[in-house]
Amino acid sequence: MRQLLDEAAKGGYGVGAFNVNNMEQIQAIMEAARETKSPVIVQASRGARSYSQDRFLYHLMLAATELYPEIPTVLHLDHGNSVDTCKSAIAMGFTSVMMDGSLMPDGKTPSTFEYNVKTTREVVEMSHAKGTTVEGEIGCLGGIEDGHGAGLDGLSHLTDPEQAVEFVRQTGVDALDIAIGTSHGAYKFTKKPTGETLKMDRLIEIHKRLPRTHLVMHGSSSVPKDLQDIINQYGGKLKPTWGVPIEEIQLGIKNGVRKINVDTDNRLAITGAIRKVFAEKPEEFDPRSYLKPARDAMKKVVALRMTQFGQAGHAGDYAPTPLAEMAKRYEGNGIPVVSSE
Ligand code: G3H
Ligand code: 13P
Ligand code: ZN
């Protein structure tokens, strides 16, 4: 992933990181990548690894690289909660891991800065020795409106720019997830976010201080109204909600954001398509009758995001560097090599 993000920095574009749990989601991403000629980050959470029994996922990814050899493809661990989780992912063949030490291993309790540095540093050492990439997180993801994860002023969970600099210096992470008011899932904002609820100014400040670090935006689904409407039209019960506007993500990309995490938009697209078939063709019971439209709906969202993030057209820019070669570069401390400016 390090190579892919370095290339994105050179080209001034962002790369979507899309979550998967099954074959149809992997196929949707790879088809969108082929159509738009995009490099790809496929990511799996701990939940996805357990749902797919890990090895199913691994072999599906091998099939993806066999069938789409022209697409540089990363398999990334999303929100690793411990050194051991990252270790098992690397051992299985993930080419990149996130050590989310902003939270304790329960994935809920905010940790201390010292704990975060120690665990992330350990993963960096282990991972770079094998040539794999590490993403870390400083600050805690969470909305500002509802005080989620926050202190008295509702802002204390956001990333402190000075701490971000110190975190990168002490850990040597390749990519850094920062907290600027986004959160996971469909309910991010109760109205279109403003500078008060989505702190792009904070992101810009962090980028100024860390121009050589690839920034990551989690919780970056846009939760489009049309996808919400399809679900509700066919019997769903989503409450009105807002996601992260594409133009804010594009502003982020101009300011050092190279990886953009998207899961919810694809979940919405899949569920809407399945609900539509169930409502319109209640006589159908062949799973392919609804999984195919679901896969097509996800592909459409992914292809659109690939175009909006600017990765479209860049699949052929470079040949993937083998992990052993990356390990050598890390060893010689030849990395970081590319400025994200
Ligand atoms: O981190 C959040 C992603 O959307 C993955 O979600 O843990 O339910 O698989 P999950
Ligand atoms: P969304 O819920 O906004 O899609 O975010 C996904 C994410 O950040 C995965 O790590
Ligand atoms: Zn996330």
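What is the mean pLDDT of the chain, and what percentage of its residues reach 70 or more? The mean is 95, and 95% of the residues reach 70 or more; pLDDT is the predictor's confidence in each residue, from 0 to 100.

This is a predicted model, in which local features need pLDDT of at least 70 and side-chain atom pairs count only at pLDDT 80 or more, while totals for chains, interfaces and linings use all residues. Residues are numbered from 1 along each chain as its sequence is written, chains are lettered from A and ligands numbered from 1 in the order in which they are written, and side-chain values use heavy atoms, with hydrogens and water left out.

Stop 1: Where pLDDT is low, the predicted coordinates should not be read in detail.

**Stop 2: helix α1.** Helix α1 is largely enclosed by the rest of the structure, because 8 of its 10 residues are buried. Buried means under 20% relative accessible area, exposed over 50%, and partly exposed in between (1.4 Å probe, protein chains only). Colour R2, Q3, L4, L5, D6, E7, A8 and A9 to see the buried residues of α1. After the helix comes G12, with a positive phi near 70 degrees.

Stop 3: R49 is found in helix α3 and counts as buried, at 7% relative accessibility. Leaving out residues up to four places away in sequence, R49 touches A44, D54, L77, T85, S88, A89 and F94. Next select G93, in the loop between α5 (83-92) and β4 (96-99). G93 is partly exposed, at 30% relative accessibility.

**Stop 4: the cysteines.** How many disulfides are there? The count is 0, where a disulfide is a pair of cysteine sulfur atoms within 2.5 Å. C86 is in no disulfide, and the nearest cysteine sulfur, in C140, is 17 Å away. That distance is too far for a bond. C86 is buried at 0% relative accessibility, and C140 is buried with a relative accessible area of 14%.

**Stop 5: the largest pocket.** Its volume is about 960 Å³. Of the 47 lining residues, H79, L141, S183, H184 and G185 are the closest to its centre. Elements giving two or more residues to this lining are α3 (46-51), β3 (73-80), β8 (257-262) and α11 (264-280). A pocket is found on a 1 Å grid over the protein atoms alone, as an open set of points where a 1.4 Å probe fits, with protein on both sides within 12 Å along at least five of seven lines; lining residues have an atom within 4 Å of a point. Grid points are joined across faces, edges and corners, and a volume is the space filled by probe spheres set on the points. β3 gives the most to the lining of the largest pocket, with 3 residues. By class, this lining has 12 nonpolar, 24 polar and 11 charged residues. Ala, Val, Leu, Ile, Met, Phe, Trp, Tyr, Cys and Pro count as nonpolar, Asp, Glu, Lys and Arg as charged, and the others, Gly among them, as polar.

**Stop 6: the second largest pocket.** This one has a volume of about 740 Å³. Select P224, K225, D226, L227 and Q228, the closest to its centre of the 34 lining residues. α12 gives the most to this lining, with 8 residues.

Key
Helix = DSSP H or I, 4+ residues; strand = E, 2+ residues; numbered from the N terminus. Contact = heavy atoms within 4.5 Å.
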